[in-house]
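Hello,

Please find the structure below, handed over for your use. My notes on it follow.

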Amino acid sequence: ILALPFLDLTFDGSHTVSGTTYWRAEGRSAQAAIKKGSFDLTTRALRLEGDAPSLDGEGEAHYVIEGNLNEDTLSGTYDYGGLRGNFIFTKIRARNA
């Protein structure tokens, strides 16, 4: 099974986004609660911020995720403690238990 980064998000229907980020790279992983999250219904812009354990195991790293939602696809940029890049995430519906 391939372990990919992902987001587990909850939207309040107005502006606030909460949830958890799951970071994975080079065989390491970290997860962190979103401290500050927003979504603009008009522009479809998403912004998430928080602090997560550093993937190098040396303390914490601040992260910022910014993107735009187009139907079930979120694309944008991330900065995770200086590790920067682009992403495309596709929504996966929760499985019924």
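**The second largest pocket**

The second largest pocket has a lining of 16 residues, and those nearest its centre are Pro5, Trp23, Arg24, Tyr78 and Phe89. Please keep in mind that this is a predicted model. The volume of the second largest pocket is about 210 Å³. Sorted by class, its lining consists of 13 nonpolar, 2 polar and 1 charged residues. Four strands each contribute at least two lining residues: β1 (6–11), β2 (17–25), β7 (73–80) and β8 (83–90). Of these, β2 gives the largest share, with 5 residues.

**The sheet**

Two of those strands, β7 and β8, also belong to an open sheet of 5 strands, whose order is β4-β5-β6-β7-β8 and whose pairing is antiparallel. At its edges are β4 (36–39) and β8, each of which pairs on one side only. From one strand to the next, the twist averages 20 degrees. Within the sheet, β6 and β7 run antiparallel and are joined by 8 bridges. Glutamate 66 is found opposite threonine 77, a residue of β7.

**Serine 54**

The loop between β5 (45–53) and β6 (60–70) contains serine 54. Is this residue, serine 54, buried or exposed? Serine 54 has a relative accessible area of 17%, and because the cut-off for buried is under 20%, serine 54 counts as buried. Leaving aside residues up to four places away in sequence, serine 54 touches Gly59, Glu60, Ala61 and Tyr80.

Regards

Key: Residues numbered from 1 in each chain as written. Predicted model: local features only at pLDDT ≥ 70, side-chain atom pairs only at ≥ 80, totals over all residues. Heavy atoms only, no water. 1 Å grid on protein atoms, 1.4 Å probe; cavity = no way out; pocket = protein on both sides within 12 Å on 5 of 7 lines; lining within 4 Å. Points joined across faces, edges and corners; volume = space filled by probe spheres on them. Nonpolar A, V, L, I, M, F, W, Y, C, P; charged D, E, K, R; others polar. Buried < 20%, exposed > 50% of the residue type's maximum accessible area, 1.4 Å probe, protein only. Contact = heavy atoms within 4.5 Å. Pairing = 2+ DSSP bridges. Axes fitted to C-alpha atoms, helices over the stretch in contact; angles between N-to-C directions.
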